[in-house]
Amino acid sequence: MTGPRVIPECFIPLQDADAQTQSTRQLLADVFPSWNIDRIDVMSLKGGITNCLLKCVYKAGTQQEIVVLVRAYGRGTGSIIDRNREFCTHVHLHSYGLAPPLHARFKNGLVYGFVAGRSVDYHELSNPVLMKGISRMLAQWHTVLDASAIKTLMLEQSGLKSHEFVDDIWQLCQKWINNLPTDNDVQVKTKTVLAKELMWVKNEIQYKGGPTVVAHCDLLSGNVIVPEDWSSETFSDMPPVTFIDYEYALPTPRAFDLANHFMEWQGFDCNVSLIPKVGGPVMREWGKQYLEGTHLYKKGSTEKQQNGVFVSDADVDLLMQEIRTWWGMPGFYWGIWATIQAVISTIEFDYTNYAQNRLSEYWSWKQNYLSTKKPNWESNL
């Protein structure tokens with residue numbers, strides 16, 4: 001079985017719509033030699049805030065259509081995202097049936113299969129039925145995916161040594177901080193403060209986030225796909241859920257992926273009132289479903305063991321403590337990310353304000369975290 005095509009000379013422009021369509025059609029004609037270029041329709045989809053996502057439809061016959069997606073990366077995102085890791089993670093996910101087929105890799109993007117359905121709205125993330133679907137799918141990710149297999153594929157694809165690429169969230173944050181601009185005194189101060197904070201938070205929470213897993217790291221509502229006709233008002237059954245967009249996937253303690261998902265309940269509007277309370281009934285139920293899922297997908301578990309899954313309150317308590325300890329990390333992570341994007345991105349989005357909002361989450365968490373530790377400090381004086 002042949003792997004994805006690699007076409008390094010092809011570049012899809014993001015700003016010129018006509019050139020974008022023409023380049024995309026030519027790319028697909030190269031990837032799929034049997035396709036007639038004149039039968040390829042290209043339309044822009046509303047996607048994330050760093051990339052251009054194109055839905056491409058090939059009209060093979062009177063009623064037959066083949067749909068693929070072309071994603072072109074935004075300017076400068078290579079300084080933030082390891083595209084080789086994204087590619088290898090996608091290949092690994094597809095081997096487990098957790099991602100669509102990957103058809104090609106070109107200079108600034110990928111061509112891959114279309115996942116039929118719709119992305120959910122962030123207001124839907126708290127729906128009890130959808131919560132179960134998301135928690136179970138994330139449990140499957142965290143249980144069956146193999147970080148070492150992805151790393152091996154990366155070494156084969158890149159020809160690099162293992163120490164030459166980022167391998168965990170701490171290394172990634174350090175890389176991002178190193179890439180922060182220093183064109184004025186404010187930027188220099190920001191970089192210095194964030195570098196100091198990274199050292200502090202790593203020392204505090206590094207080993208308190210549960211097992212290290214292959215984490216999605218960007219599980220916002222737009223990356224959760226459900227059937228087109230699914231609605232919480234008309235369907236009571238748990239919908240089949242698929243996760244898309246794997247560019248930030250990385251080995252991390254599971255608490256980061258969980259905390260980050262809950263933080264995404266606020267949407268890009270940063271409506272913090274929608275974020276569930278850590279340890280509250282909503283999050284505890286979500287956590288219980290997640291832990292049941294980890295047992296269901298555990299390698300070697302029998303059908304009898306799966307049917308007899310029991311998650312205790314103590315198990316959920318431990319998971320809540322992991323999330324509580326890592327609660328500030330998503331704000332820190334995305335705050336650094338947005339600070340870089342404010343300088344390099346050509347996409348219309350207020351990254352500066354977004355960075356401030358996300359970093360404020362981290363500072364708030366740190367204040368609360370230190371207040372819970374204060375009695376211990378005083379007892380040691």
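Helix α7 (residues 254-263) is mostly covered, with 10 of its 10 residues buried. Buried means under 20% relative accessible area, exposed over 50%, and partly exposed in between, with a 1.4 Å probe and protein chains only. Helices (H or I, at least four residues) and strands (E, at least two) are DSSP runs, numbered from the N terminus. This is a predicted model, in which local features need pLDDT of at least 70, side-chain atom pairs count only at pLDDT 80 or more, and totals for chains, interfaces and linings use all residues. Residues are numbered from 1 along each chain as its sequence is written, and side-chain values use heavy atoms, with hydrogens and water left out.

**Buried elements**

- The buried residues of α7 include R254, F256, D257, H261 and M263.
- Strand β3 (residues 51-59) is also mostly covered: 7 of its 9 residues are buried.

**The sheet of 6 strands**

- Six strands form an open sheet in the order β1-β5-β6-β4-β3-β2, and the pairing is mixed. Two strands pair if DSSP finds at least two bridges between them.
- β1 (5-7) and β2 stand at the edges with a single partner strand each, so one side of each has no neighbour in the sheet.
- From one strand to the next, the twist averages 20 degrees. Axes are lines fitted to C-alpha atoms, for helices over the stretch in contact, and angles run from 0 to 180 degrees between N-to-C directions.
- Strands of a sheet pair through backbone hydrogen bonds, either parallel or antiparallel.

**Pairs within that sheet**

- Strand β2 (residues 40-45) pairs with β3 in the antiparallel sense over 6 bridges. D41 has V57 of β3 as its bridge partner.
- β3 and strand β4 (residues 65-73) run antiparallel, joined by 9 bridges. Here V57 stands opposite V67 in β4.
- Strands β5 (residues 102-106) and β6 (residues 109-113) pair in the antiparallel sense over 4 bridges. A104 stands opposite V111 in β6.

**Helices on the sheet**

- Helix α1 (residues 17-31) packs on the sheet and touches β1, β2, β3, β4, β5 and β6. Contact means heavy atoms within 4.5 Å. The direction of α1 makes about 125 degrees with that of β2.
- Helix α2 (residues 83-95) packs on the sheet too, touching β3, β4, β5 and β6. The direction of α2 makes about 170 degrees with that of β5.

**The sheet of 3 strands**

- Another open sheet has the order β7-β9-β10, with antiparallel pairing.
- β7 (118-119) and β10 (242-243) are at the edges, each with a single partner strand, so one side of each is left without a neighbour in the sheet.
- Strand β9 (residues 224-226) and β10 run antiparallel, joined by 2 bridges. I225 has T242 of β10 as its bridge partner.
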